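Here's a quick briefing to read alongside the sequence and the 3D view. Have a look at both before you start.

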Amino acid sequence: MATFFRPLPALEPRTAAFWRACRAGRLEFTRCVPCRYLIHPSRPICPKCRGRSLDQVTVSGRARLHSYTVNHQAWYPGQAVPYVIGLVELVEQPELRLMTNIINCPIDCVQIGMALRVVFENLSDEVALPLFEPDART
Amino acid sequence: MSEPLERRSIISGVGQSAIGRRLFRDDLELTCDAALAAIADAGLCPDDIDGIGAYPGPIQGGPGFAGPGVYEVQDTLGIDVRWHLSGLEGPAQISPIIHAALAVAAGLCRHALVYRTVTEATAAADTGRRGIGAGSAEISGFAAFFIPFGAMSAANWLALYARRHMYEFGTKKEHLGAVAITARRHAGLNPAAVYRTPMSMDEYLGARMISDPFGLYDCDVPVDGSTAVIVSSVEAARDLPHPAVRFNAVGTALRARPLWDQWGDITTMAARDAAAHLWSRTDLKPADVDTAQLYDGFSFLTLAWLEALGFCKKGESGPFVEDGRIALGGALPLNTWGGQLSGGRLHGFGFVAEAVRQLRGECGARQVPDCEVAVVGVGGGPVAGCMLLTK
C-alpha cells in the first residue's frame, strides 16, 4: 500500500494510554473489572454496569474484517491512493471495533470476514497506529 | 397517549435564497434572502418573528459548512426573540425545526424562523473539496480514531455501512444507482436543481470511484444556498396566505452507541430509532405516505431510511427501488426535487422545503397528485431525525 501523511492523534486524557500502548507494541483497552466489558473509546464509567473499577488490558490483536472500503479520492493534493480502510472487530468482544487500514494484502484479496492481526506503524516517540494485515495462523 | 405536542405547531412559510455552485455570495446575505422570503411567504413581517433557530450554529466545521449563527441573523434582521437555539448535537440537521415546533407549542414563542445555510461550493472553489482534518498536524476528539487512517470523509465512514449492507443482503451497486438516477430525473423537473441532465445507468456506473462502493454520483453535490422555514402556532393557520403544513409526529430517538465506528448493526442507522419513535406518535402508517423526502448525502442513506421507516423490510431496500417505485408516478415518489445528489447539498433543509411545497400543491411538473402526507428523514450513521408532515 502506498503511504501518505498521517496526522498525529492528540494525546488527550482519555486516549493517551491507547496510543502510547500502541507505540509500545501493545493493543490495550480500558476494561471494567467486575463485568469484563472492554470500553472503547475509554470512558471513566462502564457503559454496561456503570462501575468505576476499571483497568487497562492488552488484547491479542486478532480481529475479523467487519467491513471495508477502497478509498480512491485524494483528500488533499498529492495524497497517495488507493488504500483500504477497514472496520475490524476484535476477537475478544462482539462489536469492539477499530477503524484502520488493511495492509500487506492485495486490494483484490480483501474480504469481509477475513482473519487479521495487528501491526503497528510508529508516528512519533509516543504514538503508533494500529494497522491490520492478513493473519495466516487462523 | 395524549396528543403529541408538535401537533400544536405548523410550518407557515418556506423560503430559499439563490442556490448554485460557487455563487461567491456572503452567507449572511444568503440567509437573510431565505429568511425574508420565508417570512413573506407566511404572510408575516420581520417584526412578527419572535423565535430563531439554526443548525449547526457558528462551529469550526469544514469550509463553508456552518453558515451564520442565530445571533448574527437576529442582529442583522433587527428582531427581538423569546426563543433561540442552535447546535450540532441533536436529531440531525432538522433538530432546530423539531425544537421550534415544541417551543411554539409550549408558548415560548409564536413564529420561529429556522434556517440552514451552506457555502461549501464557494469555499472549495480554490482548493477543491478536501477531507476532514486535511492539513492538520494533530487530530483531537473522536476524529483521532478516523483521520490518521485516511478516513477523512463521511463518504469513507458510510461506505463501510453500505459495503456491509451489500454483504449481508446482496444489495447491488445498481440499487444505489436507482436512487441517484431517479433523483436526477426528478431534478430535471426542478428549475432550482443544480444537476438536471438525465443520467443513464452506464453513466452512473462509469463515474470515477470515490470510496468503494460510492462513486461520484453516489455523493451529494456541494452548493451554496440557504433554506428557511417559519414554524408557527396552529392558531395562526387560518390567517395564512397558503395552506398550513402540520406536524403530525416527529422522531428523535437514539438507541445504540452514538459513534460512527462503534454503532452495532451498521446495516442500520440511527434512522431506525428515529423512525420507530415517529410511528409510535401517530396513527398514520407508512402506507399513508404520499411522498418521502429522505436524506441522500450518499445514495445508500436513502436505502437505509426506506428500511428504517418501514416502507420495506430490513435488507430489502435494494429490490424496493427497482422498477420505478420511487419515481414520480410510482407508489412512493422519493426526493422529488432531486435530492442532495442532484438538487444540491442544502444539508437536510432541501427535503423540508420540498415536503412543504408538495403538501401545498405548488410543485408544478413534479407535483405528486393529491399529496396529503409527506415524511422527511434526515441524517446518516448515528445521526437522525424525522418528521411526518400533513396538509
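What share of the 391 residues of chain B count as buried? It's 58%, where buried means that 20 or more other C-beta atoms, placed from the backbone, lie within 10 Å of the residue's own. Keep in mind that this is a predicted model, in which local features need pLDDT of at least 70, side-chain atom pairs count only at pLDDT 80 or more, and totals for chains, interfaces and linings use all residues. Residues are numbered from 1 along each chain as its sequence is written, while chains are lettered from A and ligands numbered from 1 in the order in which they are written.

**Chain A**

- Chain A has one helix and nine strands, counting DSSP runs numbered from the N terminus (helices are H or I with at least four residues, strands are E with at least two).
- Follow the sequence of chain A and you get the pattern β-α-β-β-β-β-β-β-β-β.
- Chain A has a radius of gyration of 16 Å, close to the 14 Å from the globule rule for 138 residues, so it is as compact as a globular protein of that length. The radius is taken over C-alpha atoms, and the rule is 2.2 Å times the number of residues to the power 0.38.
- The box filled by the C-alpha atoms of chain A is roughly 45 × 30 × 25 Å along the principal axes.
- Of the 138 residues in chain A, 30% are buried.
- Take the contacts in chain A between residues at least 6 apart in sequence: 51% of them join residues at least 24 apart. A contact here means C-beta atoms, placed from the backbone, within 7 Å.

**Chain B**

- Chain B comes to 12 helices and 12 strands.
- Its radius of gyration is 19 Å, close to the 21 Å that the globule rule gives for 391 residues, so chain B is as compact as a globular protein of that length.
- The C-alpha trace of chain B spans about 50 × 50 × 40 Å along its principal axes.
- For contacts in chain B between residues at least 6 apart in sequence, 77% join residues at least 24 apart.

**Where the chains meet**

- Chain A puts 29 residues into the contact and chain B puts in 34 residues.
- On the chain A side, strand 1 (8-9), strand 5 (62-71), strand 6 (83-90) and strand 7 (97-101) each supply at least two residues.
- Strand 5 of chain A gives the largest share of that side, six residues.
- Strand 1 of chain A pairs with strand 5 (residues 138-139) of chain B in the parallel sense, over two bridges; pairing takes at least two bridges found by DSSP.
- In this pairing, L8(A) has E138(B) as its bridge partner.

**Inside chain B**

- Helix 6 (residues 173-187) and helix 9 (residues 299-308) of chain B pack at about 95°, with axes 8 Å apart. That makes helix 6 of chain B roughly perpendicular to helix 9 of chain B, a label for angles of 65 to 115 degrees.
- Among the residues making this contact are H175(B) and L176(B) from helix 6, and F300(B) and L303(B) from helix 9.
- On strand 2 (residues 51-54) of chain B, G51(B) and G53(B) point one way and I52(B) and A54(B) the other way, and all are buried.
- Strand 2 of chain B runs parallel to strand 3 (residues 83-86) of chain B, joined by four bridges; G53(B) has L85(B) as its bridge partner.

Definitions and conventions
A residue is buried if 20 or more other C-beta atoms lie within 10 Å of its own, exposed if 12 or fewer, and partly exposed in between; C-beta atoms are placed from the backbone. Two residues are in contact if their C-beta atoms, placed from the backbone, lie within 7 Å. Axes are lines fitted to C-alpha atoms, for helices over the stretch in contact, and angles run from 0 to 180 degrees between N-to-C directions. Angles under 35 degrees count as roughly parallel, over 145 as roughly antiparallel, 65 to 115 as roughly perpendicular and the rest as oblique.
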